[in-house]
Amino acid sequence: MLGDPSPTLTGLVAAIYDIGCALGAIAAFLFGEKIGRKRSIIVANVIVIVGAAIQTACFSYAQMVVARIIAGVGVGFSTVAVPILQTETLPAHNRGAMLVVQSGLIIIGVATASWLCFGCLYANSSLQWRFPIACQMLFSGLCLLDCPFICETPRWLAKHGRVDEARHVIARLLDKNDEDPEVKGQLNEIMEVVNLEAEMGEPTWGEVFTNATKTRNLQRLVLGMGPFMMNQWSGINVLCYYLAYILQNYLDFSTEMSLILASVAFTQYAVFSWPPFFYMDRIGRRWTVMLSSAGCAACMFVIAGCLLSTSYACAAAATAFMFLYMDCFTLGILPVSWSYAAETQPLRIRNKAMAVGVFSHWLSNFVVVMVTPIGLDNIGGNFFWVWGVICFLFIPLTYYFGVETSGRTLEQVDRMFMDEPRIMMGLNPNHTKVVKYSKEDEEKRFAAFADIKERKMSVSEMDRRLSVGSGASSA
């Protein structure tokens with residue numbers, strides 16, 4: 001056994017993992033674009049397995065800290081590559097719904113980990129914590145077994161001059177032959193952006209952080225960072241990391257009941273992570289985030305108010321609203337945070353910009369997890385007022401600065417920033433409409449792009465013509 005840690009050491013051991021994740025994001029910034037999305041996922045999972053193996057075998061807190069950093073590097077690298085791979089391969093008409101699958105699986109992992117910890121609670125040995133940690137290797141191993149069946153993204157292939165391979169991947173994803181008009185049209189749309197960005201040359205590191213080019217890199221970088229930071233500064237990991245601790249120390253539940261309640265909360269959390277599958281493409285990313293933020297803010301205010309009293313009724317209400325808060329979070333902020341950055345970045349700097357967003361996510365996670373035991377120790381339940389105010393601020397930030405990506409291809413999102421740029425993009429109604437294409441509309445659209453060279457017309461010109469007479473609706 002490693003012994004009982006102080007509150008500061010508890011925070012450090014929990015939060016140091018996030019420093020590793022931030023370092024993994026830096027590694028992705030430096031090397032991810034070069035090795036591609038698929039190989040990044042393979043490398044990331046190998047690193048996670050190494051880190052988990054060392055954690056499982058460690059006999060001191062120093063070893064644990066180093067091992068958690070190593071495992072974190074793998075997770076950070078993976079969390080850059082996976083959303084990009086998904087975003088670059090999914091169809092526009094239901095991309096949001098498909099991306100919900102990722103966030104849903106994340107929370108299933110959280111619930112599984114919680115029940116594993118509870119199941120090992122009565123072990124009178126280090127099995128109590130070694131076995132749950134070792135299970136990380138199982139899931140990373142399953143990811144590696146899946147990798148031979150994953151394709152590299154057509155956009156990465158096209159950007160790196162492998163156009164024939166990009167065409168073949170598009171055909172495989174659409175279940176068409178390589179010469180199908182829909183395949184040609186989708187490739188033409190991608191190549192128009194690739195060729196436009198190629199004229200700007202290879203991006204420098206500094207260019208990622210400026211608006212010097214037509215693609216407005218800095219603005220889109222900050223916009224993509226927003227949902228990542230909302231994910232952490234909503235206060236979700238105050239509960240995900242410390243829910244059992246809060247229930248035991250501030251609401252006077254027993255250790256066993258605290259772990260049971262936490263596990264039930266995470267199971268409910270996992271169940272409620274799936275409804276966005278049915279509405280995220282219908283109401284759009286912006287309203288999904290704003291409604292979720294309003295619910296999270298209200299729950300945090302109620303929790304803070306209940307913790308001012310020590311009565312049984314207030315303890316029960318606080319517990320109920322902790323459950324409800326997690327539901328509100330997973331119904332909106334969570335699924336958007338893992339998709340929005342990849343959707344809004346230009347292809348030329350998508351990997352680097354995504355890496356910066358993921359870095360901000362994990363660095364924020366580190367700060368939140370590190371300060372939570374200290375904040376609870378010093379100001380108790382008043383700590384939750386802070387998170388309520390922050391959640392409320394997400395609403396105007398999303399309304400004024402966010403653009404709507406639902407129903408739009410990544411190349412259409414590019415054109416929003418190129419054709420009608422402004423700081424408060426959310427005040428332009430063209431940027432906030434939810435485009436509702438059906439699968440058939442999307443097929444017709446791409447088929448129309450197949451012969452644009454013969455028509456001596458650009459994809460963007462053809463797209464504008466199609467938009468005028470399109471059967472697709474917007475809201």
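Which residue lies over the face of Phe29? Lys352 does, at 5.8 Å from the ring centre. A charge is said to sit over a ring if NZ of Lys or CZ of Arg is within 6 Å of the ring centre and within 35 degrees of the ring normal. The charged end of Arg130 also sits over a ring, that of Phe59, 4.4 Å from its centre.

The model is predicted: local features need pLDDT of at least 70, side-chain atom pairs count only at pLDDT 80 or more, and totals for chains, interfaces and linings use all residues. Residues are numbered from 1 along each chain as its sequence is written, and side-chain values use heavy atoms, with hydrogens and water left out.

Lys352 also belongs to the lining of the largest cavity, together with Glu33, Lys159, Glu202, Pro203, Arg348, Ile349, Arg350 and Asn351. On a 1 Å grid over the protein atoms alone, a cavity is a set of points where a 1.4 Å probe fits but cannot get out, and lining residues have an atom within 4 Å of a point. Helices here are DSSP runs (H or I, at least four residues), numbered from the N terminus.

Thr372 is placed in helix H16 as well. Its relative accessible area is 0%, so Thr372 is buried; buried means under 20% relative accessible area, exposed over 50%, and partly exposed in between (1.4 Å probe, protein chains only). Leaving aside neighbours within four places in sequence, Thr372 is in contact with Val238, Tyr242 and Phe383, where contact means heavy atoms within 4.5 Å.

Phe383 leads on to the aromatic residues, as ring pairs link Trp233, Phe383 and Trp387 into a cluster. The structure holds nine aromatic pairs. Rings of Phe, Tyr and Trp (its six-membered ring) pair if their centres lie within 6.5 Å; planes under 30 degrees apart count as stacked, over 60 as edge-to-face and the rest as tilted. The Phe228 and Trp338 rings are edge-to-face, because their centres are 5.4 Å apart and their planes stand at 80°. Phe228 lies in helix H9 (residues 217-233) and Trp338 in the loop between helix H14 (333-337) and helix H15 (340-344), so this pair ties together parts that are 110 residues apart in sequence. Both Phe228 and Trp338 are buried.

Phe301 and Trp385 form a tilted pair, because their ring centres are 6.0 Å apart and their planes are at 35°. This pair links distant parts of the chain, with Phe301 in helix H12 (residues 276-306) and Trp385 in helix H17 (residues 383-401), 84 residues apart. Phe301 is partly exposed, with a relative accessible area of 31%, and Trp385 is partly exposed at 33%. Helix H17 also holds Thr398, which counts as buried at 8% relative accessibility. Not counting residues up to four places away in sequence, Thr398 touches Met230, Arg286, Val289 and Met290.

Helix H5 (residues 127-146) has 20 residues and should span 28 Å at 1.5 Å a residue; its end C-alpha atoms are 29 Å apart, which agrees. The expected span is 1.5 Å times one less than the number of residues. H3, with 29 residues, reaches 42 Å from its first C-alpha to its last, close to the 42 Å expected. H3 is mostly covered, as 23 of its 29 residues are buried.

Two loop residues remain. Most residues other than glycine have a negative phi. Asp175, although not a glycine, has a positive phi of about 60°, and lies in the loop between helix H7 (163-174) and helix H8 (181-198). Arg216, also not a glycine, has a positive phi of about 55° and lies in the loop between H8 and H9. Asp175 counts as exposed at 71% relative accessibility, whereas Arg216 counts as buried at 17%.

Definitions and conventions: On a 1 Å grid over the protein atoms alone, a cavity is a set of points where a 1.4 Å probe fits but cannot get out, and a pocket is an open set with protein on both sides within 12 Å along at least five of seven lines; lining residues have an atom within 4 Å of a point.
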